[in-house]
Amino acid sequence: MGTGRVVTAALAAFAAICAIAAPLAAQRVNPFAMELLEEHNRARAAVGVPRLAWSNRLAREAQAWAEELARRGHMLHADRSTRNGAGENLWMGSAGRYSAQTMVDGFVAEQRHFTNGTFPQVSTTGNWRDVGHYTQVIWGDTREVGCAVARGATYDFLVCRYFPAGNVYNRKAY
């Protein structure tokens, strides 16, 4: 085989490998994001609801809001009209001190007050806000999550977006 054919064959093989690898690389998610996803899915498995898929779109939207919160230096939910039908959980803690598991555990810890009633009757305390982060994590109809963290001067801000949103009035969590 001539040099030209060898180069052509090598280029064709390289192109084939790139065609396979490019979609995989595009789907790659950073390890911290994968930990956030797995912690969500661990909580969901405990109650028998389907696993969530990672959404890059939700993660991008969460990143923009997390950066805004980091600039402001305090937590505030994004306006519903800007969330495009997504639910939202927020977490804040001292910068650089918390793992993905600890962050999501902050949402899941509300389970201690949860009862699987019809929303908003989902808390043993009588106040759904005492379990609202947890119910969003385990909401049976939710299929996708995307989260992001931004560092402010003092705190890290985690924003998780869920689609479709949970905490729907007159519906059971699962």
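This is a short walk through one structure, taking the helices, then the strands and the disulfide, then a few backbone details.

Some ground rules. The model is predicted, so I use local features at pLDDT of at least 70 and side-chain atom pairs at pLDDT 80 or more, while totals for chains, interfaces and linings use all residues. Residues are numbered from 1 along each chain as its sequence is written, and side-chain values use heavy atoms, with hydrogens and water left out. When I say helix or strand, I mean a DSSP run, H or I with at least four residues for helices and E with at least two for strands, numbered from the N terminus.

Let me start with helix α2, residues 31–47, and with E39, which lies in it. Is E39 buried or exposed? E39 counts as buried because its relative accessibility is 11%. For that word the cut-offs are under 20% relative accessible area for buried, over 50% for exposed, and partly exposed in between, with a 1.4 Å probe and protein chains only.

What does E39 touch? Leaving aside neighbours within four places in sequence, E39 is in contact with A100, Q101, V104 and D105. Contact here means heavy atoms within 4.5 Å. There is also V108: E39 and V108 are 69 residues apart in sequence, and their C-alpha atoms are 9.2 Å apart in space.

On the α2 side the residues are F32, E35, L36, E39, H40 and A43, and they meet A100, Q101, M103, V104, D105 and V108 in α4. Sorted by class, that contact has seven nonpolar, two polar and three charged residues. The classes are these: Ala, Val, Leu, Ile, Met, Phe, Trp, Tyr, Cys and Pro are nonpolar, Asp, Glu, Lys and Arg are charged, and the others, Gly among them, are polar.

As for geometry, the axes of α2 and α4 are 9 Å apart and the helices pack at an angle of about 35 degrees. Axes are lines fitted to C-alpha atoms, for helices over the stretch in contact, and angles run from 0 to 180 degrees between N-to-C directions. The crossing of α2 past α4 is right-handed. That term is used when the near helix is turned clockwise from the far one by less than a right angle, and left-handed when anticlockwise.

One more residue in α2 is N41. N41 has a relative accessible area of 1%, so it is buried.

Now the strands. Strand β2, residues 87–94, runs antiparallel to β4, and eight bridges join them. β3 and β4 are also antiparallel, over eight bridges. Strands count as paired if DSSP finds at least two bridges between them. β3 and β4 form a hairpin, with three residues between them. Two bridge partners to look for: R151 is paired with D156 in β4, and N89 stands opposite C160 in β4. Of the nine residues in β4, seven are buried.

C160 brings us to the disulfide. How many disulfides does the structure hold? There is one. It joins C147 to C160, with 2.2 Å from S to S; the cut-off for a disulfide is a pair of cysteine sulfur atoms within 2.5 Å. C147 is in strand β3, residues 144–151, and C160 is in strand β4, residues 155–163, so the pair, 13 residues apart, links distant parts of the chain. The torsion about the S-S bond of C147 and C160 is about 110 degrees, which means the disulfide is right-handed. Both C147 and C160 are buried.

Last, the backbone. Most residues other than glycine have a negative phi, and most peptide bonds are trans. Here are some exceptions. The peptide bond from F119 to P120 is cis, with omega near 15 degrees, and P120 sits in the loop between α4 (100–108) and α5 (132–138). Another cis bond joins F163 and P164, with omega about -15 degrees; P164 is in the segment after β4.

On positive phi, N84 has a value near 55 degrees and lies in the loop between α3 (56–72) and β2. N84 is partly exposed, because its relative accessible area is 49%. N167 also has a positive phi, of about 55 degrees, and is found in the segment after β4. At 18% relative accessibility, N167 counts as buried.
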